[in-house]
Every structure is written in C-alpha cells, then in structure tokens.
Amino acid sequence: MNMAVVGMVAGMALGFAGYFGGFGAFVLVAALGAIGFIVGRFLEGDLEPGDFFRSRERGDRRR
C-alpha cells in the first residue's frame, strides 16, 4: 500500500476518534498507532531493540 494512503487512513482514524470520542480517544488512538508502527518496524527487521538503548558517541568531548 502506498505511504500516502496509509497516512490518509491514519489521519481519518484519528479524526474519527477525536470527533466521536474526544481528546482522550484521540490520544489513545495516536499512542496505539505509534506503538503498532514501532512493532511493525521490529517485525520487518528495520529496527533492533539495541537501537533504543545505545548511548550517543560525543566524539572527543568527554567529561
């Protein structure tokens, strides 16, 4: 499916949740959508669990 279509469907779902369920439903749908996106990326192999827990390398600046 085209990413523009996926974005449109996600926007419509958030719009319906916000209109019929209020702000709480909007936030819940947005949070569950983000979690589903991250899980989908894990299952496709685009992300690994270590990507979230690695420390940043700052180059020569050490304190």
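The accessible surface of the chain comes to about 5,900 Å², of which 63% belongs to carbon and sulfur atoms; areas of this kind come from the Shrake-Rupley method with a 1.4 Å probe, and for residues only the protein chains shown count as cover. The model is a predicted one, in which local features need pLDDT of at least 70 and side-chain atom pairs count only at pLDDT 80 or more, while totals for chains, interfaces and linings use all residues. Residues are numbered from 1 along each chain as its sequence is written, and side-chain values use heavy atoms, with hydrogens and water left out. Of the 63 residues of the chain, 2% count as buried, a term that stands for under 20% relative accessible area, whereas exposed stands for over 50% and partly exposed for the values in between (1.4 Å probe, protein chains only).

The chain contains 1 helix and 0 strands, where helices (H or I, at least four residues) and strands (E, at least two) are DSSP runs numbered from the N terminus. Helix H1 covers residues 3–44, and although a straight helix of 42 residues would span 62 Å at 1.5 Å a residue, H1 spans only 16 Å between its end C-alpha atoms; the expected span is 1.5 Å times one less than the number of residues. A kink of about 145° in H1 is centred on Gly21, the bend at a residue being the angle between axes fitted to the seven residues ending there and the seven starting there. The C-alpha atoms of Ala17 and Val29 are separated by 7.0 Å, although these residues are 12 apart along the chain. Ala17 lies in helix H1 and, at 13% relative accessibility, counts as buried. After H1 comes Gly45, whose phi is positive, near 90°.

A search of the whole structure finds 3 aromatic pairs, that is, rings of Phe, Tyr and Trp (its six-membered ring) with centres within 6.5 Å, described as stacked if the planes are under 30 degrees apart, edge-to-face if over 60 and tilted for the rest. Phe16 and Phe20 form a stacked pair, with 6.1 Å centre to centre and 10° between the planes; because these two residues are 4 apart in helix H1, about one helical turn separates them. Phe23 and Phe26 form another stacked pair, with 6.2 Å centre to centre and 25° between the planes, and both lie in H1, 3 residues apart. Phe23 is exposed at 65% relative accessibility, whereas Phe26 is partly exposed at 32%.

Phe16, Tyr19 and Phe20 form one aromatic cluster, in which Tyr19 is exposed with a relative accessible area of 67% and Phe20 is exposed with 63%.
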